[in-house]
Amino acid sequence: MVKFCTKTCLFILPKTSYCQLQTQSFIPFSVRQEQKILESRLVSVLHGCTHINQVKQVHAHIFRKGLEQCCFVLAKLLRTLTKLDVPMDPYPRLVFQQVDYPNPFLWTALIRGYALQGPFMESVLLYNSMRRHGIGPVSFTFTALLKACSAALDVNLGRQVHTQTILIGGFGSDLYVGNTLIDMYVKCGCLGCGHRVFDEMLDRDVISWTSLIVAYAKVGNMEAASELFDGLPMKDMVAWTAMVTGYAQNARPREALEVFERMQAAGVKTDEVTLVGVISACAQLGAAKYANWVRDVAEQSGFGPTSNVVVGSALIDMYAKCGSVEDAYKVFERMEERNVYSYSSMIVGFAMHGLAGAAMELFDEMLKTETKPNRVTFIGVLTACSHAGMVEQGQQLFAMMEECHGVAPSEDHYACMVDLLGRAGRLEEALNLVKMMPMNPHGGVWGALLGACRIHGNPDMAQIAASHLFELEPNGIGNYILLSNIYASAGRWDDVSKVRKLMRAKGLKKNPGCSWVEGKKGIIHEFFAGDMSHPKSREIKQALEDLLDRLKYLGYQPNLSSVAYDISDEEKKRLLMSHSEKLALAFGLLTTNAGCTIRIVKNLRICEDCHSVMCGASQITGREIVVRDNMRFHHFRDGRCSCGNFW
């Protein structure tokens with residue numbers, strides 16, 4: 001264990017230094033002024049240095065002017081060398097060693113250099129040496145050490161540094177030290193300790209509050225983050241952005257949009273980080289009203305997609321996830337600058353909408369530019385191939401990833417390939433590919449195989465995939481439900497009972513099916529399966545019954561296999577009628593004008609029966625219906641779906 005020097009610091013110079021000061025001759029005031037001006041000029045020149053050779057030239061000038069013992073200038077020289085990533089040994093260390101009486105700032109400059117560059121322990125040893133020489137640390141000494149502890153994730157050493165700030169005294173009210181302590185504890189995973197430091201601080205600034213807000217957001221505790229935010233006296237753009245992105249990253253898009261609206265109402269400026277956060281929230285919600293509003297805000301804030309590639313790429317992703325791939329492509333076309341993220345966002349957008357041809361065409365266009373594809377690009381094109389059943393093209397792309405483009409296949413790419421082969425009914429090939437993977441398959445790989453087993457009704461292979469998923473994701477309720485449904489479709493009710501018994505033993509509860517639809521004026525209406533609590537429930541039920549009656553004249557029959565329960569056919573029909581996406585559809589037909597597109601988002605995969613109803617509804621109403629489930633987008637037009645019944 002590292003031990004810090006505990007010698008009491010008297011905050012006086014060593015005796016030799018004091019004697020030397022006594023023997024110094026008198027220096028006229030005018031000479032001192034000239035010397036200070038020269039020192040300031042040298043510090044300014046060092047600040048502008050961008051290469052070590054420039055620093056050495058300034059260092060030579062320092063010697064010629066007799067300032068080789070000037071701690072003020074030499075501390076700046078050491079900080080400049082650190083900024084230029086010059087190793088602390090030998091040059092900066094020699095500069096330090098040639099100074100007879102280094103002051104706290106020169107010690108701190110060298111400690112900071114080792115803390116940033118390493119070896120980290122050398123900074124601790126230097127601190128101990130500094131204390132043994134009777135030199136008192138300054139706040140920057142502790143912040144340098146604490147930042148190094150953060151980088152090394154060494155909370156034990158960080159606690160020792162914290163103890164030093166208390167033992168020496170005088171740093172309990174230092175704002176900079178307090179903020180760095182919070183940051184150290186947070187990064188080392190000790191959020192409670194960080195909050196305790198915050199509570200004990202006499203003075204706090206917006207950084208103190210925002211550090212904790214961000215920390216709580218990262219661990220998903222938005223209630224604690226919100227409480228802190230509400231208590232913040234002066235909220236700046238960074239604090240507002242922390243809340244917007246926190247809600248967005250924790251899949252709470254409505255709260256993110258509400259905070260952003262409050263931010264706009266408060267007249268706080270917006271930067272691209274804020275915009276990317278709120279754009280992400282819009283993408284999760286899938287609401288066109290908010291999408292257009294956020295784009296207008298971006299334009300008005302000077303971060304329009306035409307000139308800002310970061311915001312442009314985020315808007316492409318947002319429009320694609322809001323069901324408007326056409327608007328996404330318009331943004332892409334108008335961008336003055338495109339990078340791998342904008343290309344990848346557009347390719348993934350085409351893929352999720354089933355436009356495999358467009359995705360492949362854009363990928364070919366990308367290859368003709370100097371933009372190199374990355375791992376996300378290949379996930380996009382492989383997904384496009386999977387959703388369109390383009391097995392051979394997908395296999396060719398997978399084979400050329402590393403050989404031609406230097407992108408090594410990851411678990412996610414293998415998951416795409418398993419999905420591609422599995423959807424095409426080549427289950428044995430998919431399983432063999434999993435067995436040949438050079439790394440351990442993650443849940444996404446086995447999940448793709450389990451999903452393929454559902455499509456093609458293979459309960460035996462499903463059991464293999466599920467057994468691995470139960471180990472990797474023991475609390476992933478979707479895996480249990482999917483296996484149970486596969487058994488139910490095969491009529492293996494005993495196995496269904498075993499899976500449900502296992503779910504009960506683990507205390508797992510099924511997430512209810514939930515769909516939301518955008519009504520008039522962009523208002524979002526939410527529906528849960530079997531829930532008839534909506535104010536218009538009676539009208540919704542009647543509209544749905546009328547729609548189903550009309551569909552029956554076209555040959556529609558309820559797909560009872562979509563209900564994974566061993567119950568009567570009549571009961572199955574009743575359950576199918578109360579699926580959340582059907583309720584959302586009926587509400588959309590009731591409340592939107594004829595000819596308007598109905599956009600529905602569902603938290604689970606759309607079932608076969610609802611898929612058939614959406615196809616038929618698009619035909620008899622003449623409406624386009626866009627459904628985004630947890631797998632992809634479905635565009636229903638004139639009785640057909642963009643997925644070609646392949647999902």
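Reply: Helices (H or I, at least four residues) and strands (E, at least two) are DSSP runs, numbered from the N terminus. Counted in this way, the chain has 33 helices and six strands. Residues are numbered from 1 along each chain as its sequence is written. This is a predicted model, in which local features need pLDDT of at least 70 and side-chain atom pairs count only at pLDDT 80 or more, while totals for chains, interfaces and linings use all residues; side-chain values use heavy atoms, with hydrogens and water left out.

Me: What box do the C-alpha atoms fill?

Reply: Taken along the principal axes, the box is roughly 110 × 55 × 50 Å.

Me: And what share of the residues is buried?

Reply: Buried residues are 49% of the 647 residues in the chain. Here buried means under 20% relative accessible area, exposed means over 50%, and partly exposed is in between (1.4 Å probe, protein chains only).

Me: What share of the contacts comes from residues 24 or more positions apart?

Reply: Such residues account for 64% of the contacts in the chain with a separation of 6 or more. A contact means heavy atoms within 4.5 Å.

Me: Let us turn to helices. Which residues are buried in α11?

Reply: In helix α11 (residues 191-200), the buried residues are Leu-191, Cys-193, Gly-194, His-195, Val-197 and Phe-198.

Me: What covers them?

Reply: The cover includes α9 (155-168), α10 (175-187), α12 and α13 (222-231).

Me: How do α12 and α14 cross?

Reply: The axes of helix α12 (residues 206-218) and helix α14 (residues 237-249) come within 9 Å and cross at roughly 5 degrees. That makes α12 roughly parallel to α14. Axes are lines fitted to C-alpha atoms, for helices over the stretch in contact, and angles run from 0 to 180 degrees between N-to-C directions. Angles under 35 degrees count as roughly parallel, over 145 as roughly antiparallel, 65 to 115 as roughly perpendicular and the rest as oblique.

Me: Which residues meet there?

Reply: From α12, Val-206, Thr-210, Ile-213, Val-214 and Ala-217 meet Val-238, Ala-239, Ala-242, Met-243 and Gly-246 of α14. The residues of this contact divide into eight nonpolar, two polar and no charged. In this scheme Ala, Val, Leu, Ile, Met, Phe, Trp, Tyr, Cys and Pro count as nonpolar, Asp, Glu, Lys and Arg as charged, and the others, Gly among them, as polar.

Me: Why do residues three or four places apart point the same way in an α-helix?

Reply: An α-helix has 3.6 residues a turn, so residues at that spacing point the same way.

Me: New topic: how many salt bridges are there in the whole structure?

Reply: A search finds 20 salt bridges, each being a side-chain nitrogen of Lys or Arg within 4 Å of a carboxyl oxygen of Asp or Glu. One of them joins Arg-375 and Asp-412, with the closest N and O atoms 2.6 Å apart. Arg-375 lies in helix α22 (residues 375-388) and Asp-412 in helix α24 (residues 411-423), 37 residues apart. Arg-375 is partly exposed at 36% relative accessibility, and Asp-412 is partly exposed at 30%.

Me: What about Glu-581 and Lys-602, buried or exposed?

Reply: Glu-581 is buried at 1% relative accessibility, and Lys-602 is buried at 8%. The two form a salt bridge whose closest N and O atoms are 2.9 Å apart. Glu-581 lies in helix α32 (residues 580-591) and Lys-602 in strand β3 (residues 598-602), so the pair ties together parts that are 21 residues apart in sequence.

Me: Now the rings. How many aromatic pairs are counted?

Reply: The count comes to 14 aromatic pairs. Rings of Phe, Tyr and Trp (its six-membered ring) pair if their centres lie within 6.5 Å; planes under 30 degrees apart count as stacked, over 60 as edge-to-face and the rest as tilted. Phe-260 and Trp-293 form an edge-to-face pair, 5.5 Å centre to centre with 65 degrees between the planes. Phe-260 belongs to helix α15 (residues 253-265) and Trp-293 to helix α17 (residues 288-300), 33 residues apart. Phe-260 is buried at 0% relative accessibility, whereas Trp-293 is partly exposed at 26%.

Me: Which rings are linked into a cluster?

Reply: Ring pairs link Tyr-329, Phe-332, Tyr-343 and Phe-350. Both Phe-332 and Tyr-343 are buried.
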